[in-house]
Amino acid sequence: MNTIIGIQGITGSFHHQVAQEYFNQEFILDECLSFEELVDSLLAGKSEQAIMAIENSIAGPIIPNYALIDKNNLHIIGEHYLNIHQNLMALKGQKIKDILEVHSHPMALLQCMDFLKKYPNIKLVEDKDTAETARRIQEKQLKGIAAIASKTASEMYDLEIIAPEIQTIKNNMTRFVIIKKENSFVPESEINRASIKFELDHKRGSLAAVLNVMSDCKLNLTKIQSLPKIETPWKYSFFVDVTFEKYEDYAKAKSLLNIMAEYFKVLGEYKNTKI
């Protein structure tokens, strides 16, 4: 029986491309048009695993997604990096001069702003998904409307690329995480990356002390992001990603941080796939 994989977006989206590259087996897609809907799919048992964008090399971390994983006690079991190539596409026969509006996901629009600024008369419209926008243009034969999406989406929905690879930075990479409702067993010998969350007492030097412990335990801090605790003014949660060579170094740091922090939680322990 094929595994059901939840993705944000539809067939032809970047999340779909990640599913194709990450899973070495046949799967069924559960298409969700928001990350909240994606989480609901996992919690309700509609999907067995899900793919979630978590960080972009241009736009930075997608902090609300870390919060979604944390709030719903989901587990990160893997990661995948995807080079993002954004293309401007429309119904066949149209040129850039014919375009009145560009529709796409806000992250895609943000990644292409240098190109879009060259055409100040074109209206930018935020949408839920890159591929879904491309599909709608074809289904409704929307003239004067262009989408920003992947080459796969242009082929799947029979649109013409009128400007290829328009992302501002050509080396544009997004990191995706694979999440599950229950944790999966990954052998310690394969684990060299972890995503954690902690909260600290609001006093001088508390964060510095934690960072020193990570350094002393030979952890490489790859990302740290604070998020305010809405119910407690001036108090913050820290979402941190670390990599390491030896699991025992990480295990030592984890035991120390569990003592030092007011609250400590592991969001996932998995294999670092970044080359």
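Tutor: Let us begin with a term: contact means heavy atoms within 4.5 Å. The model before us is predicted.

Student: With that term in hand, against which elements do the buried residues of α6 pack?

Tutor: They pack against α1 (14–22), β6 (87–90), β7 (101–104), α4 (106–111), β9 (145–149) and α7. Helix α6 spans residues 130–139 and is mostly covered, with 7 of its 10 residues buried. Among the buried residues are Thr130, Glu132, Arg136 and Ile137.

Student: What is found at the start of α6, and which residue with a positive phi follows α6?

Tutor: At the start, a side-chain oxygen of aspartate 129 comes to within 3.2 Å of the backbone nitrogen of alanine 131. After the helix comes glutamine 141, with a positive phi near 50°.

Student: Is serine 154 buried or exposed?

Tutor: Buried means under 20% relative accessible area. Serine 154 has 5%, so it is buried. This residue belongs to helix α7 (residues 151–156). A polar atom of the serine 154 side chain lies 2.6 Å from the backbone oxygen of lysine 151. Beyond its neighbours within four places in sequence, serine 154 contacts Met89, Leu159 and Ile161.

Student: How are α8 and α9 oriented to each other?

Tutor: Angles over 145 degrees count as roughly antiparallel. Helices α8 (residues 206–216) and α9 (residues 247–260) pack at about 165°, their axes 10 Å apart; they are therefore roughly antiparallel. Their crossing is right-handed. Ala209, Val210, Val213 and Met214 of α8 meet Ala253, Leu256, Leu257 and Met260 of α9. The residues of this contact comprise 8 nonpolar, no polar and no charged.

Notes. Residues numbered from 1 in each chain as written. Predicted model: local features only at pLDDT ≥ 70, side-chain atom pairs only at ≥ 80, totals over all residues. Heavy atoms only, no water. Helix = DSSP H or I, 4+ residues; strand = E, 2+ residues; numbered from the N terminus. Buried < 20%, exposed > 50% of the residue type's maximum accessible area, 1.4 Å probe, protein only. Polar contact = N/O pair within 3.5 Å; in protein donor to acceptor, adjacent residues only side chain to side chain. Axes fitted to C-alpha atoms, helices over the stretch in contact; angles between N-to-C directions. Parallel < 35°, antiparallel > 145°, perpendicular 65-115°, else oblique. Left-handed = near helix turned anticlockwise from the far one by under 90°. Nonpolar A, V, L, I, M, F, W, Y, C, P; charged D, E, K, R; others polar.
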